[in-house]
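This report is for a reader who is new to the structure. Please look over the sequence and the model before reading on.

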Amino acid sequence: MSSAVLQRLHDPYPSRLNHAVTPVERWEPTVWCEETSDGPLGAADLDRFADDGHLSRPGTVGDDTLPSLRTEIDRLAAELATDDPRVIREPRGTIRSIFQPHLLSGLVADVVRMDTVLPVAQQLLGGDVYIHQARINLMPGFTGSGFYWHSDFETWHAEDGMPRMRAVSCSIALTHNYPYNGSLMVIPGSHRTFYPCVGATPDDHHRESLVAQQFGVPDEDTLTKAVDRHGIDQFTGAAGSALWFDCNLLHGSGSNITPLPRSNIFLVFNSVDNQLTAPYAAKAIRPEHLAARTATDPVRR
Ligand code: 6CS
Ligand code: FE
């Protein structure tokens, strides 16, 4: 039996099968550090993160840095070639995401290493971390479209071979996130359950999923039950605020028909002890700019 078949047989988080599978209760921790660990988060923050799967941290990036970051992102958007695979566009041509901004811009690389960022990731994940994926998400006024409900871990496990739920996302607002300009909605507590999704991963799925995800999303009945049980929280706040959320938290966003753009820097930290293996439910690995397999040395300040 090949190792890929064995991996699939023993998969604790089965997904993308052609039939429904009962949700799996998470047995592994959400907060991986010791309770008494040193770091920016106190016991109350760590408890809240463990319970809800998310935590908001205003003032993560200061007003002294935000204007230059916004200028930098405009520069990247203008300078990257139309056919650059790191640039994802809406059907109408506007830019939706720019991947690997931390490798394209020294300023974004500096954000990763800020006192308000890296030590939080290290504390939550209990040790050294590296960037699994980074992107700028741009939701322009009027035309920006949302992201349907999903768990990131479901995709990273199925398509990238991420073995365990030991990764955390940090979404930093570059513009004010209002309830009405496409800001992120999360289902608090949903990170404690793995919701298997029905339907085999199509070849080159990322070509569609990064614009509109159709595979690796829970069905409506599952989402209805999850919201009945847990409700919905929304991440709003001034530019510079950060939302930290567990890799398995269900989240999504609506489109932005207001004139007020919403843009965020999105950094995914993974534990160095949770490096990618073969995909659990896809034929081929995804490109490096979506899932780092080479740049996995610990990030240092
Ligand atoms: O593909 C990814 O890695 C991320 N993007 C989408 C649209 N869904 C899964 C995950 O969050
Ligand atoms: Fe996501």
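Which residues line the second largest cavity?

## Cavities

The model is predicted. In this model, the second largest cavity is lined by Glu90, Arg96, Asn137, Leu138, Met139, Ser145, Phe147 and Arg262. Its volume is about 30 Å³. By class, three of the lining residues of the second largest cavity are nonpolar, two are polar and three are charged. Strand β5 gives the largest share of this lining, with three residues.

The structure has two cavities of 30 Å³ or more. Around the largest cavity are His150, Ser151, Glu154, Phe194, Tyr195, Cys197, Gly216, Pro218, Asn248 and Leu250. Five residues of that lining are nonpolar, four are polar and one is charged. Empty space of this kind is shown by rolling a probe the size of a water molecule over the atoms.

## The largest pocket

The volume of the largest pocket is about 450 Å³. Its lining is made up of 26 residues, and those nearest the centre of the pocket are Arg135, Phe147, His150, Asp152 and Gln213. Phe147 also belongs to the lining of the second largest cavity, and His150 to that of the largest cavity.

Four elements each supply at least two residues of the lining of the largest pocket: β5 (129-139), β6 (147-150), α7 (152-160) and β13 (262-271). Helix α7 gives the most, with four residues. By class, the lining of the largest pocket has 12 polar, eight nonpolar and six charged residues.

## Ligand 1

Around ligand 1 are Gln133, Arg135, Phe147, His150, Asp152, Thr155, Trp156, Ser209, Leu210, Gln213 and Arg286. Among these residues, Arg135, Phe147, His150, Asp152 and Gln213 are also the ones that lie nearest the centre of the largest pocket.

A polar side-chain atom of Asp152 is 2.3 Å from an oxygen atom of ligand 1. For Trp156, the distance from a polar side-chain atom to an oxygen atom of ligand 1 is 2.8 Å. Arg286 likewise has a polar side-chain atom 2.8 Å from an oxygen atom of ligand 1.

## The second largest pocket

The second largest pocket holds about 260 Å³ of space. It is lined by 19 residues, of which His102, Leu103, Ile131, Ala295 and Val299 lie nearest its centre. Two or more residues of this lining come from each of α4 (101-104), α5 (106-112) and β5.

The largest share of the lining of the second largest pocket is that of β5, with five residues. Sorted by class, the lining of the second largest pocket has 10 nonpolar, six polar and three charged residues. Strand β5 also supplies at least two residues to the lining of the largest pocket.

How many of the residues of strand β7 (residues 167-173) are buried? Seven of its seven residues are buried, so the strand is mostly covered. In a regular strand the side chains alternate between the two faces of the sheet. In β7, Ala167, Ser169, Ser171 and Ala173 point one way, while Val168, Cys170 and Ile172 point the other way. The residues on both sides are buried.

Strand β7 pairs with two other strands. With β13 the pairing is antiparallel and runs over seven bridges. Here Cys170 has Leu267 in β13 as its bridge partner. With strand β11 (residues 242-246) the pairing is again antiparallel, over five bridges. In β11, Asp246 is the bridge partner of Val168. Strand β13 also gives at least two residues to the lining of the largest pocket.

## A four-stranded sheet

Four strands make up an open sheet with antiparallel pairing, in the order β6-β12-β8-β10. At its edges are β6 and β10 (233-234), each of which pairs on one side only.

Strand β8 (residues 185-186) and β10 run antiparallel and are joined by two bridges. Opposite Val186 stands Asp233 in β10. The edge strand β6 is also an element that supplies at least two residues of the lining of the largest pocket.

Key:
Residues numbered from 1 in each chain as written. Chains lettered and ligands numbered in written order. Predicted model: local features only at pLDDT ≥ 70, side-chain atom pairs only at ≥ 80, totals over all residues. Heavy atoms only, no water. 1 Å grid on protein atoms, 1.4 Å probe; cavity = no way out; pocket = protein on both sides within 12 Å on 5 of 7 lines; lining within 4 Å. Points joined across faces, edges and corners; volume = space filled by probe spheres on them. Nonpolar A, V, L, I, M, F, W, Y, C, P; charged D, E, K, R; others polar. Buried < 20%, exposed > 50% of the residue type's maximum accessible area, 1.4 Å probe, protein only. Pairing = 2+ DSSP bridges. Near = heavy atom within 4 Å. Polar contact = N/O pair within 3.5 Å; in protein donor to acceptor, adjacent residues only side chain to side chain.
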